[in-house]
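Trainee: I have a model open and would like to learn how to read it. Can we go feature by feature?

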Amino acid sequence: MERMVDEAMDAGALGLSTGLEYSYGRFAATAELERLVRTVGRRGGWYASHIRNRDSGLLDAVGEFLAVVAAAGASGQISHLNVRHDTGAPRDGWRRAVAMMGEARDAGLDVEADTTPFEAGIGMMIGILPDWLLDDGPVEAARRLADPAVRRRLRGDCDRYWRFIHKGQWHRVRLESSPQFPELAGRTFVEIADVLGRDEWDCYFDILAAVGDQMANLTVVGDLFTGAHLAEMVAHPLFGLGVDSYTSSVEGPLASTVTNPLAYCGHVHYLTHHVRDRGTLTLEEAVRKMTSMPARRFGLRGRGVLEVGAYADLATLDLDALDDVSTFDRPVAYARGVDTVLVNGAVVVDEGRHTGARNGRVLTRG
């Protein structure tokens, strides 16, 4: 694994990322992480992590992350340092976690964090499953899900990750995509239970079992955060503005695989909601957090700044006319109000229409 990290760094990777709440990152011990991140640190790279816990064990998880970064001599990025609503986090847990990060910075560690734009977010369906079900891999897990006794046990053993599910708050969870159940995409599990005529737990297990070895690819969208908590994350000076999604389109295969608005209007939503409507950030600060802050953070020279000699990556927009368009009920739509986009000096969007130019390139450090 250390050799693989070295090879990836040789090929241009910025560093290593982990998802320690999820399978199969959850099985990685701290000592294993330290060895791999040391490889990154020797190369001047970054360690980014969805930390091990963001509810009752939040502070321990942040402590583990900071200890790994310190031991490895790497730069650190906490991916989406947040606390989900009603999941058992300690009192003032988020503020205490951010204070830990600030103290580590004062002690010389290079650590920052980021946030996402919506009160809702993406998660993995298998995230709530206990270790004992996943120990032998997804195929065996799918087979065992056919056993009613296993299902009965799981109803008491799935109190992890999105712990509000264990509390029965199924209205907070939507299925994002499943090739076997396209008619259920975008529906809450309350709605899915009504469609399938079974209770929410059995619907959840049925969907996981049906995809077998692909169950780790199933994603859900959850109503995760309060508006007040989201605002304090967005406004914090050490938090960049990210979008926890991937490339999408309004046509072709990608239009049917992304069933949430994060991919279509995530960054626009920072501007419409957090800048224009709520005043959480100034426009200038929001743009900085989207552009020069991440470019500086990850060593992307000539990116994210408007100056002579920099790459001409530019967008013009009408803040008053800016409109997300995409919603959780109707996600597959492009935002309005962004009239012109240049990538590396070429016009790729002109008067709101794609010109067909493909002028992007792989971004590398240096």
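**Salt bridges first**

Mentor: The side chains of D202 and R198 form a salt bridge at 3.9 Å, N to O. The term means a side-chain nitrogen of Lys or Arg within 4 Å of a carboxyl oxygen of Asp or Glu. Keep in mind that this is a predicted model: local features need pLDDT of at least 70, side-chain atom pairs count only at pLDDT 80 or more, and totals for chains, interfaces and linings use all residues. Residues are numbered from 1 along each chain as its sequence is written, and side-chain values use heavy atoms, with hydrogens and water left out.

Trainee: Which residues are linked with them in a network of salt bridges?

Mentor: The network links R151, R155, R198, D199, D202 and D206. In total, the structure holds 30 salt bridges.

Trainee: Which parts does the salt bridge of D86 and K167 tie together?

Mentor: Their side chains meet at 2.7 Å, N to O. D86 sits in the loop between strand 3 (75-78) and helix 4 (93-106), and K167 in the loop between helix 8 and strand 6, so the pair joins parts 81 residues apart in sequence. Helices (H or I, at least four residues) and strands (E, at least two) are DSSP runs, numbered from the N terminus. D86 is partly exposed because its relative accessibility is 33%. K167, at 48%, is partly exposed too.

Trainee: How do I check the span of helix 10?

Mentor: Compare it with the expected span, which is 1.5 Å times one less than the number of residues. Helix 10 (residues 200-211) has 12 residues. From first C-alpha to last it reaches 17 Å, close to the 16 Å expected. Just after helix 10, G212 takes a positive phi of about 55°.

Trainee: Which residues of helix 10 are buried, and what do they pack against?

Mentor: W201, D202, C203, Y204, F205, I207, L208 and V211 are buried. They pack against strand 5 (120-124), helix 7 (148-157), helix 8 (163-166), strand 6 (173-177) and helix 9 (189-196). Contact here means heavy atoms within 4.5 Å.

Trainee: Where is H229, and what does its side chain make a polar contact with?

Mentor: A polar contact is a pair of N or O atoms within 3.5 Å; within protein, one must be able to donate a hydrogen and the other to accept it, and residues adjacent in sequence count only if both atoms are side-chain atoms. H229 lies in helix 11 (residues 227-235). Its side chain makes such a contact with the side chain of E232, at 2.8 Å. H229 counts as buried because its relative accessibility is 8%. Leaving aside neighbours within four places in sequence, H229 is in contact with N82, V83 and W94.

Trainee: What is A141 in contact with, leaving aside its neighbours within four places in sequence?

Mentor: L133, L134 and M215. A141 is found in helix 6 (residues 138-144). With a relative accessible area of 0%, A141 is buried. A141 and G102 are 39 residues apart in sequence and 41 Å apart in space, C-alpha to C-alpha.

Key:
Buried < 20%, exposed > 50% of the residue type's maximum accessible area, 1.4 Å probe, protein only.
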